[in-house]
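Here is a short tour of one structure.

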Amino acid sequence: MDLACTPEEEDFRARLREWLAQALPSLPPKPSSDDWPGRRAYDLGWQRMLYDAGYAGLHWPVDAGGRGATPTQHLIYLEETEKAGAPYVGANFVGLLHAGPTIASEGSAEQRARWLPPVLRGEEVWCQGFSEPGAGSDLAALRTRAWRHGDDYVVSGSKIWTSHAEVADWCELLVRTDPTAPKHRGISWLAMPMDAPGITVRPLRTLAGSAEFAEVFLDEVRIPVAHRVGAENDGWRVTMVTLSYERGTAFVGEVVACRRVLGELAREARKNGRWDDAVLRRRLGRLNAEFRALWRLTQWNVSAAQRTGGVPGAGGSVFKLRYSHARQELYDAAAELLGPEALDLGRDWTLDRLSSLSYTIAAGTSQIQRNIVAERILGLPKGR
């Protein structure tokens, strides 16, 4: 892996910085955290600006509507947008980082033409319908059932922790199409329109007070067979593609954000007199080394994915496992630095600390990631 930037890549960085300096001041005020229609409009507006400027789907293949950027250009984009304080993907998270790349890898030409351009143009939002009350880490235990009826599937069941369901146009949905098959088989990956009859969305409020997740109840929802991505009963393999993106590249921008927060913590410690605490300095220094290492691992994973057709490999589990815990340690250090102020929900870093608690669960628990690392990378036998 060559970590040095070429003159062309440095030119890309300079042009991106120039565009960000012009574009960011033109953004409207950011809506409140509980105004999801407003947040959807804000996030889609930013995505449209990226599209018009040629930065949407930067690392997607050209035949999927992207720019086919190099891994280094992709990482430069993530670095510069975070440093400039540009908006995060927000409500576009599933479409841009999960469903879109999966459809680009596994979808038919018709499916790619129908679903990818609206995601890149900031016109449609996707949510993820994977987890169920009895199928979280053991995702293959899902029970939402799909029966074939002519040119449609008729789907009944429920999903939980469905990201952005209340403002989504589409849902990447896992269903069981063959209940007699072993649990990792008999699953299919469907694209479900969220305005179809029979769908009920019930928002869930998190510890931080936000409601970006929801329960989704499906009562004989009809989904065209043409909306199935991949072959019938081959959904588990397609799902592994989705999860490899979720674990391998979806968090890379957050590493840059954590490095920024770490610098803010150091400045806060100098300001409030805590910098003289050698234990705190050592803790922040270790976290700095941790996030520098995670950024190098990110570069390696993105480069490796490029060599294998763009799909991240099991190395994404190594990254996700360590990043989840490092993020929690970062905000634990913030709480130590703030003292009693860490209980103030209006204080910087407090809500981030609460949300960090979910990272060892979301996108596959740390226990699942350890199993993947042990079995697929280290070659250890499966546990009983």
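This is a predicted model: local features need pLDDT of at least 70, side-chain atom pairs count only at pLDDT 80 or more; totals for chains, interfaces and linings use all residues.

Residues are numbered from 1 along each chain as its sequence is written, and side-chain values use heavy atoms, without hydrogens and water.

**Two helix pairs**

Helices (H or I, at least four residues) and strands (E, at least two) are DSSP runs, numbered from the N terminus. Axes are lines fitted to C-alpha atoms, for helices over the stretch in contact, and angles between N-to-C directions run from 0 to 180 degrees.

H1 passes H2 in a right-handed crossing. Trp-19, Leu-20 and Ala-23 in H1 meet Trp-46, Met-49, Leu-50 and Ala-53 in H2, where contact means heavy atoms within 4.5 Å. By class, this contact has seven nonpolar residues, no polar and no charged ones. Nonpolar means Ala, Val, Leu, Ile, Met, Phe, Trp, Tyr, Cys and Pro; charged means Asp, Glu, Lys and Arg; the others, Gly among them, are polar.

H4 (residues 93–106) packs on H5 (residues 109–121) at about 155 degrees, with axes 10 Å apart. That makes H4 roughly antiparallel to H5. Residues of H4 in the contact include Gly-95, Leu-96 and Ile-103, and those of H5 include Arg-112, Trp-115 and Leu-116. The residues of this contact divide into seven nonpolar, four polar and one charged.

**A covered strand**

Strand S1 (residues 126–129) has both faces covered. Trp-126 and Gln-128 on one side, and Cys-127 and Gly-129 on the other, are all buried, that is, under 20% relative accessible area. Four bridges join S1 to S4 (residues 170–176), and the two run parallel. Gly-129 stands opposite Leu-173 in S4.

Most residues other than glycine have a negative phi. Which loop holds Trp-161? Trp-161 lies between S3 (152–159) and S4. Asn-233 lies in the loop between S8 (228–229) and H6 (235–248). Both are partly exposed, between 20% and 50%.

| Residue | Phi | Relative accessible area |
|---|---|---|
| Trp-161 | about 60 degrees | 48% |
| Asn-233 | near 75 degrees | 28% |

Key: Angles under 35 degrees count as roughly parallel, over 145 as roughly antiparallel, 65 to 115 as roughly perpendicular and the rest as oblique. Buried means under 20% relative accessible area, exposed over 50%, partly exposed in between (1.4 Å probe, protein chains only). Two strands pair if DSSP finds at least two bridges between them. A crossing is left-handed if the near helix is turned anticlockwise from the far one by less than a right angle, and right-handed if clockwise.
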